[in-house]
Amino acid sequence: MIMEQRTHLLTSREFVGEPVKIEEGYAEVKLKTREGMRVDEYDLVHGGFTFGLADYAAMLAVNEPTVVLGKAEVKFTKPVKVGDELLAKAKIVEDQGRKKVVFVEIFNQKGEKVLEGNFYCYVLEKHVLE
């Protein structure tokens, strides 16, 4: 079932990714890495952009307006270079009501895994800044 996006509506698609699938407890987000993400002469992309993509995918898997990230345990498994096209796949693997554990994997255009990890998400009563 395709669902409408209910959270993180103003997220930068340029830096964090473009949702391609949102279903109950599952989401996919793609990100094409670009020059502004580069950290050195080897075209290495800063890991913060890859992590941001994973975080965004986790938020969309939960898809509640007040969801926030409390903790993440991730492993970077392969470097990301400028021009890589990344696809994040996020799935809720543990649902304890307001606390949800989301497993996220990110793959490059060759199908190689570049990140995997668990994201511990919390659905708050109201917006975290209220």
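So, Lys71 stands opposite Tyr120 in β6, and strands here are DSSP E runs of at least two residues, helices H or I runs of at least four, numbered from the N terminus. Nine bridges join β3 to β6, and those two run antiparallel; strands count as paired if DSSP finds at least two bridges between them.

Quick word on the source: this is a predicted model, where local features need pLDDT of at least 70, side-chain atom pairs count only at pLDDT 80 or more, and totals for chains, interfaces and linings use all residues. Residues are numbered from 1 along each chain as its sequence is written, and side-chain values use heavy atoms, with hydrogens and water left out.

Okay, zooming out. Six strands make an open sheet, in the order β1-β2-β4-β5-β6-β3, with antiparallel pairing. At the edges sit β1 (18-23) and β3 (67-76), each pairing on one side only. From one strand to the next, the twist averages 20°.

And α2 packs on that sheet, touching β1, β2, β3, β4, β5 and β6, with its direction at about 45° to that of β6. Touching means contact, heavy atoms within 4.5 Å; angles run from 0 to 180 degrees between N-to-C directions, with axes fitted to C-alpha atoms, for helices over the stretch in contact.

Now the largest nonpolar core: of its 31 residues, Val102, Val104, Ile106 and Cys121 touch the most other members. Such a core is a set of buried Ala, Val, Leu, Ile, Met, Phe, Trp, Tyr and Cys joined through side-chain atoms within 4.5 Å, buried being under 20% relative accessible area with a 1.4 Å probe, protein chains only. α2 gives the most, nine residues.

Technical notes. Buried means under 20% relative accessible area, exposed over 50%, partly exposed in between (1.4 Å probe, protein chains only).
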